[in-house]
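Here is a short report on one helix and on the aromatic rings of this structure. Look at the helix first, then at the rings.

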Amino acid sequence: MITFDNVNKYYGSYHALNGISEHVAKGEVLVVCGPSGSGKSTLIRTINRLEAIASGRITLAGQDIHAPGLDVNALRAQIGFVFQQFNLFPHLSVLDNCALAPQRLRGLTRKDAEERALGLLDRVGLAHKAQAMPAALSGGQQQRVAIARALAMQPPLMLFDEPTSALDPEMVGEVLQVMRDLARDGMTMVCVTHEMGFARDVADRVWFMDHGQVLERGAPGEFFARPQHARTRQFLSDICTPFGVSG
């Protein structure tokens, strides 16, 4: 579904993505991990054009997504994106947050959009909060609404950029459970996360990034039991000790 062909990205003189050549298959759950500043979030944001690239090529279902003249809004309508900070519209109810884009971008009637939204809110366990305002929800509930909102566009691809990093620890599990359910349903997912339990249990593959490069990739069993790169071994050692640095 996604290919990266020698992708490079700079911030000034800083080489944020360095010659990335990888692929993500349809229906695959990919977890991208690594220390802070390794390029994980930059990489995922290039997939929906939130970040431009300096050189190389990224294709989504065969389409060059950084080609001149591409309809960026049409591209983004195919990609669900869940951010760290929820980004719900504070002046809209939970239901309206989820129903707005299908009306504006897919041409659904209000009734049909609300029916779809209610179904998705039920899927994430929040149908009873449909009329609530975002400020009345916990962080975990807001993130589950953000997932439902992204799913309302029926995208073939979901991107998650550290979706649990802004949550209190007791709220993390409820968000990860929704992501597990999506994975079981066959959704193609790219997840930047430090939640190694999720990676171990749910991912089809794990990439480890550092200094703008993918240093290691593999199935979770191999990745966690027999990491090949010294930097991967150090990272896993750090995050698996009580006072390790998670990045």
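The buried residues of helix 6 are Met171, Val172, Val175, Leu176, Val178, Met179, Arg180, Leu182 and Ala183. Buried means under 20% relative accessible area, exposed over 50%, and partly exposed in between (1.4 Å probe, protein chains only). This is a predicted model: local features need pLDDT of at least 70, side-chain atom pairs count only at pLDDT 80 or more, and totals for chains, interfaces and linings use all residues. Residues are numbered from 1 along each chain as its sequence is written, and side-chain values use heavy atoms, with hydrogens and water left out.

The cover over these buried residues includes strand 3 (29-33), helix 4 (110-123), helix 5 (139-151), strand 7 (157-161), strand 8 (188-192) and helix 7 (196-202); contact means heavy atoms within 4.5 Å. Helices (H or I, at least four residues) and strands (E, at least two) are DSSP runs, numbered from the N terminus. Just after helix 6, Gly186 has a positive phi of about 90°.

Now the rings. The structure holds four aromatic pairs. Rings of Phe, Tyr and Trp (its six-membered ring) pair if their centres lie within 6.5 Å; planes under 30 degrees apart count as stacked, over 60 as edge-to-face and the rest as tilted. Two of the pairs are listed here.

| Pair | Centre to centre | Angle of planes | Class |
|---|---|---|---|
| Phe81 and Phe83 | 4.4 Å | 35° | tilted |
| Phe208 and Phe235 | 5.1 Å | 50° | tilted |

Phe208 lies in strand 9 (residues 205-210) and Phe235 in helix 9 (residues 230-239), so their pair ties together parts 27 residues apart in sequence. Both Phe208 and Phe235 are buried.
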